[in-house]
Amino acid sequence: MKQWDAEEVEQRLLATEPRRSHLLLAFGLAVGALLALLVLPRLSPRVGLPADAGTLVGAAMMVAAGLTAWNLGRRQRKCRAWLGHAWELVQLEEWDAAAEILERGLRKPILASADRTQAFMLLAAVAENRGAWDAVVAIYEALLLRGIPDPITVQKAQIGLAAAKIHTQQLTDAVDLLAQIEQRALPPDLRAAVDLVRLFQQVFMGHHADAVENIEQRRALYRRALSTAAAYGYALLALALHHLGRTAEAALLWADATTLVRPERLIASYPILGTISAVYPATEPPG
Amino acid sequence: MTSAQAQFLARRLRRDYRLAGLVRMALLTLIAAWVAVSLARPPLAANTQDLVWFVGLAAFAAWIMLTMLGVRQVQAANRASLMIAAGRLDLAEEHLVETLRQFGIYRASKLLACHCLAVVVHGQKQYKEAAELCTAVVALGPTRSKSVARLCRILLADCALGLGDLDGAVKALAPLRLQPITVRHRDPETLSLAEQMLLLPIEMRCLVMSGSGKRAIEDLSWRIRVAELLDSPKAALVHSLLSEACRRVGLEAKASFLQRRAELYHDPADLTGLTSGWAGEPAQTLLALPDNP
């Protein structure tokens, strides 16, 4: 994947800016056709045009309006198709293929702003997987600065930005952002996602006692709301327990985490987990 | 929604579906006749030309109005989806019933509205009524709106399970198949990942209930991959069912591993809400059913 920086992200945001020209053209042609059909037949004899000029012009404009509208719909469907495919690839963690599709798709205007935001969110997910944290920060910041219409997506972008800022060691910004997000009423899955980032920040900054202070509530929240991603929470809790010398509990949690997600994937997302992967055995799935 | 209302809307959908084709054909014929008559040499009598001009213009205006209505129907379906997400099933139902009562020449928008209404009614646990609507869409959908028809098949299967009709559920799912999605090459008939995520828990229930243990663990790693993308309770349910299927075919180690994963996702004793097919029976009952010979 190419290295994305703030400038590149800005360029892609400009390139994908929705353009209304085709929509306006289709509308203008339809109105023009109607006017031609209504006005020209009455006007033609007076201005010396053939009697059927109105019908011909009107019919031509109608066909042009229809073709423009059809082309618009086709482009919209095509955009939805590549976006849907990119979403599938991200879910299936086929990062190279997802990056390729997104880099190609983000060169042309995307008509619906929700689709455009989703495309950049997917790009951020790909960049997160590559550990390109500066790119992740650039993408989320650009999206948030331009305004995201859907409040849930705003919150997801802010949570992603907070995590990326921890990775890039912009800790003060990350802590402030987390505090802001935590004050809002959030749906359970986002509440758990914020808590996971908070846990990461605590472990990253060495506040291990804080990290495990409400360990049972945290475990229950992750289990209830994060599905497979709960494994990342268990692994970070295991790391905090390890640093506190509670090795038996750490081993159990590491086993739980690796029952859900392979250790390589855990470490790829949180390199600090490399410390405990060598200490505690991971759960091996049966062959 | 009452059963009679659902039947009425399903009948209306079928009628409008047939009528839409005829109306479109008639409007196109009128517009074509209008252009042809206007260009005819020598020109027709002035009265005839005026009549054809008026009729053609009316047909064109009707097409534009019906197109705008079609757009509004799609918008209503999209708005209803947002209402469903916000838990306002009552409002969504009101909107969608109104949409389905309106005539439209675009069949896809009607099918979409009917599918959304079936989702709402299913959400209200009115399985018989939802099944009625789904059956209508499934019967009309395959040629025009494959994706909507597939989603309705999945919903229909869940409704059938809700009514205790395992055979009906199996029959509804028969044309659908869970299949690994490859990166480059994609068969157009392969279900999308989102569709497979909806299908998996319902198909697993059908397979385990009907004792098709071997089929339930075909493409096991793909099934696990899809299950990992589900929310916690559904992921737990699918893992429990996969574990049971593995146990039935003698794969004890895999069964234990999958059961442990299921426990990490959710409390297995608390999966009652997900097994609508058994009218609130806990998942353990489902798992305790004997294998078919």
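This is a predicted model: local features need pLDDT of at least 70, side-chain atom pairs count only at pLDDT 80 or more; totals for chains, interfaces and linings use all residues.
View 1. A:Gly245 comes after α12(A) and has a positive phi, near 85 degrees. The helix itself covers residues 230-243 of chain A. Its 14 residues should span 20 Å at 1.5 Å a residue, and the end C-alpha atoms are 20 Å apart, so the span agrees with expectation. Most of α12(A) is covered, with 13 of its 14 residues buried.

**View 2. Helix α2 of chain B and its surroundings.** This helix runs over residues 46-85 and has 40 residues. From first to last C-alpha it reaches 58 Å, close to the 58 Å expected at 1.5 Å a residue. The buried residues in α2(B) include B:Gly56 and B:Phe60. Also buried in this helix are B:Gln73, B:Ala76, B:Ala77, B:Ala80 and B:Met83. Among the elements that cover the buried residues of α2(B) are α1 (3-39), α3 (89-101) and α4 (107-123) of chain B. Just after α2(B), B:Gly87 adopts a positive phi of about 80 degrees.

**View 3. Packing of α4 against α5 in chain B.** Helix α5 comprises residues 127-140 of chain B. The two helices pack at an angle of about 160 degrees, and their axes are 8 Å apart. An angle over 145 degrees counts as roughly antiparallel, and α4(B) is therefore roughly antiparallel to α5(B). The crossing of α4(B) and α5(B) is left-handed. On the α4(B) side, the contact involves B:Leu111, B:Cys114, B:His115, B:Leu117, B:Ala118, B:Val121 and B:His122. These meet B:Tyr127, B:Glu129, B:Ala130, B:Leu133, B:Cys134, B:Ala136, B:Val137 and B:Leu140 in α5(B). By residue class, the contact of α4(B) with α5(B) holds twelve nonpolar, two polar and one charged.

**View 4. Packing of α10 against α11 in chain B.** Helix α10 covers residues 220-228 of chain B, and helix α11 covers residues 232-248. Their axes lie 9 Å apart, at an angle of about 160 degrees. α10(B) and α11(B) are therefore roughly antiparallel to each other. α10(B) passes α11(B) in a left-handed crossing. From α10(B), the contact is made by B:Leu220, B:Arg223, B:Ile224, B:Ala227 and B:Glu228. From α11(B), B:Ala235, B:Val238, B:His239 and B:Leu242 take part. The residues of the contact of α10(B) with α11(B) comprise six nonpolar, one polar and two charged.

Methods. Residues are numbered from 1 along each chain as its sequence is written. Chains are lettered from A and ligands numbered from 1 in the order in which they are written. Helices (H or I, at least four residues) and strands (E, at least two) are DSSP runs, numbered from the N terminus. The expected span of a helix is 1.5 Å times one less than its number of residues. A residue is buried if 20 or more other C-beta atoms lie within 10 Å of its own, exposed if 12 or fewer, and partly exposed in between; C-beta atoms are placed from the backbone. Two residues are in contact if their C-beta atoms, placed from the backbone, lie within 7 Å. Axes are lines fitted to C-alpha atoms, for helices over the stretch in contact, and angles run from 0 to 180 degrees between N-to-C directions. Angles under 35 degrees count as roughly parallel, over 145 as roughly antiparallel, 65 to 115 as roughly perpendicular and the rest as oblique. A crossing is left-handed if the near helix is turned anticlockwise from the far one by less than a right angle, and right-handed if clockwise. Ala, Val, Leu, Ile, Met, Phe, Trp, Tyr, Cys and Pro count as nonpolar, Asp, Glu, Lys and Arg as charged, and the others, Gly among them, as polar.
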